[in-house]
2 protein chains.
Amino acid sequence: MKARVFVTLKSGVLDPQGKAIQHALEGLGFGGVNDVRAGKLIELDLAEGTSEADIDAMCRKLLANTVIENYRIEAVG
Amino acid sequence: MKARVFVTLKSGVLDPQGKAIQHALEGLGFGGVNDVRAGKLIELDLAEGTSEADIDAMCRKLLANTVIENYRIEAVG
């Protein structure tokens, strides 16, 4: 089975990478870019029968820093 | 309007970050992790009326390296 984990910074946490992307887009002439937030996408190829609870544990222990980041798990197929 | 851009490495491109995550998960005792691929998630807050073509141009010019990366655009709301 496959799963995707989306890791995003919590609102209120400064995101210098996102700001750099925003300024670069403006510098390239793209108008109307109000805000950019950068996050991570982690695609997992797991053995069949891996439970959502296991994936949740992976997120809490390694994939996301829950002090400053939120995560969302999406099972694929 | 908001849009999400998912940037992933093309298959066949080596992903040392994904491999490091895989080995770390195994080291933490999580079994059955066959493969991990690391990608990027970029959340854009754009002016109303920004076209999909504009977002596609942003991806090709800045957000993704189309030699080694694929991207997918998802409009939100």
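B:Arg4 is partly exposed, at 22% relative accessibility. The class lies between buried (under 20% relative accessible area) and exposed (over 50%), with a 1.4 Å probe and protein chains only. B:Glu74 is also partly exposed, at 29% relative accessibility. The model is predicted: local features need pLDDT of at least 70, side-chain atom pairs count only at pLDDT 80 or more, and totals for chains, interfaces and linings use all residues. Residues are numbered from 1 along each chain as its sequence is written, chains are lettered from A and ligands numbered from 1 in the order in which they are written, and side-chain values use heavy atoms, without hydrogens and water.

B:Glu74 and B:Arg4 form a salt bridge, with the closest N and O atoms 2.9 Å apart. B:Glu74 sits in strand β3 (residues 69–76) of chain B and B:Arg4 in strand β1 (residues 2–9), so the pair ties together parts 70 residues apart in sequence. In chain A, salt bridges that share partners join A:Arg4, A:Glu43, A:Arg72 and A:Glu74 into one network. A salt bridge requires a side-chain nitrogen of Lys or Arg within 4 Å of a carboxyl oxygen of Asp or Glu. By this rule, 12 salt bridges are counted over all chains.

A:Glu69 pairs with A:Lys40 in a salt bridge at 3.7 Å, N to O. A:Glu69 belongs to strand β3 (residues 69–76) and A:Lys40 to strand β2 (residues 33–46) of chain A, so parts 29 residues apart in sequence are tied together. Strands (E, at least two residues) and helices (H or I, at least four) are DSSP runs, numbered from the N terminus. A:Glu69 is buried at 12%, whereas A:Lys40 is partly exposed at 33%.
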